[in-house]
Amino acid sequence: AGNNTNVSVTNAVFTSNTAAGASARGGAIFVDGGSSATVLGSTLTVVGSTFTTNGAVYGGAIFADNGYSNASYATVSISSSAFTGNYASETLVDASSEAAGGAIYLGYYDKLYIDSPSGLPGTTATTFTGNYASAISSGAGDLEANAAGGAIYIGYGATSYISNASFTVNYAQSSASSTSGSAGANSRGGAITGESTSSLTIYGCIFGTSATTGNYAVASATGTSASSFAEGGAILMYKLTTLNIESNTLAGSQSSFYGNYTEATNTVGLVSSNGTSMGGAIYLGAGSALTIEKYAGSASTYSAIFTGNGIKDGTSTVTTVDGGAIALEANYSATQATTAAIFNAEFLKNAALEDGVAIYAVAGSSSLFGATITLSNDVFGTSSSDGNHAGIEGVAIYIGGYSELYIEDSVAA
């Protein structure tokens, strides 16, 4: 679709389409951004359609190209559709690899609405199942592999609203293996990744329905030196972003995170160790703002429920190191703070190998303060059998140095 073009897709089926070549984009559909700072990009509307096993390097099913500014964005609106097994994938030898947006890739400044008319809660629902972003590099020399957004990648400055959607078994995986150099593997956002300055609002969405259907980010690095990062099993938002998580308007329509996890492994010679593995469900970057609350007028008891995050595939194996449910970075600058306001949420049976089984805040410094967290009417387990019990320090909540924590009317078991 070219600049300023309106395209509607209704009751269509897209199966096994691929975009080939280096930096291939949009296996099924490519949507143009604006051609200049004042020319609007295209508008794509998708209703009642299915996208299955479509592939590219960026945006396995749909790729929306960058806008030049907030005045030249592309708009993608989706309702009552299904995305299954779509993939963003790149496998290279003797070279670094990158892939993003297994189902959907949203470019700079673009806008995405999924079952969310005008950015408000909707009544229809779209499913994302088994979509993935995979980056694999092997061979000689210094290698790096970067995978982001198993289902959806939200670009710099882009805005997304998602209502009622279900995300199950989506994943970001990266593997870098070098015979003669350093290796770096980075997997971020098993279901959704938001780039710097982007914003994401979700209403009553489901991220995993059981201990074995969660989303995950896994990274593996092998070399003369190795560094792996796996962050945000369900959602990762980079620095200076905004993430709003709310219930929908109906009873029992809270957002839900179940069985999401991260796993990172470094191998040098015959020795393997844990890499950086944080935020089994959610990872929030520096200077970002997280709000979890009930939608105004919602009949739901909770805004969101976090259950069994940080645990791999429903086994007893805990793979997330810090922040079984949520991990937060420190402030970005003295004037750009990291904040989390979590109201009416429930945390049950989440786990972490080390610190912050439910919530983990990275330590700040005297010049760069840690996060500020406000909790109100939250529940951290209701009994010894469903509490959050696995960390070394800060069983439910770990707050790093120079961070601030405010708690009101909450319960911990």
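How many aromatic pairs does a search of the whole structure find? The search finds 23, where rings of Phe, Tyr and Trp (its six-membered ring) pair if their centres lie within 6.5 Å, and planes under 30 degrees apart count as stacked, over 60 as edge-to-face and the rest as tilted. One of these pairs joins Tyr 108 and Tyr 109: the ring centres are 6.4 Å apart and the planes stand at 90 degrees, so the arrangement is edge-to-face.

The model is predicted, so local features need pLDDT of at least 70 and side-chain atom pairs count only at pLDDT 80 or more, while totals for chains, interfaces and linings use all residues. Residues are numbered from 1 along each chain as its sequence is written, and side-chain values use heavy atoms, with hydrogens and water left out.

Tyr 108 has a relative accessible area of 40% and is partly exposed; buried means under 20%, exposed over 50%, and partly exposed in between (1.4 Å probe, protein chains only). A stacked pair is formed by Tyr 113 and Tyr 161, with 5.5 Å from centre to centre and 10 degrees between the planes. This pair links distant parts of the chain, 48 residues apart: Tyr 113 lies in strand 13 (residues 111-114) and Tyr 161 in strand 18 (residues 159-163). Strands (E, at least two residues) are DSSP runs, numbered from the N terminus. Tyr 161 is partly exposed, at 23% relative accessibility. Elsewhere, one aromatic cluster includes Phe 14, Phe 128, Phe 257 and Phe 380.

Ser 160 stands opposite Leu 200 of strand 23. Strand 23 (residues 199-203) has four of its five residues buried. Strand 23 in turn pairs in the parallel sense with strand 28 (residues 242-246), again over five bridges, and Ser 199 has Thr 242 as its bridge partner in strand 28.

The largest pocket remains to be described. Its lining comprises 13 residues, and Glu 98, Ala 100, Asn 146, Ala 148 and Tyr 153 lie nearest its centre. On a 1 Å grid over the protein atoms alone, a pocket is an open set of points where a 1.4 Å probe fits, with protein on both sides within 12 Å along at least five of seven lines; lining residues have an atom within 4 Å of a point. Strand 11 (97-100), strand 16 (143-148) and strand 21 (183-188) each give two or more residues to the lining.

Technical notes
Pairing = 2+ DSSP bridges.
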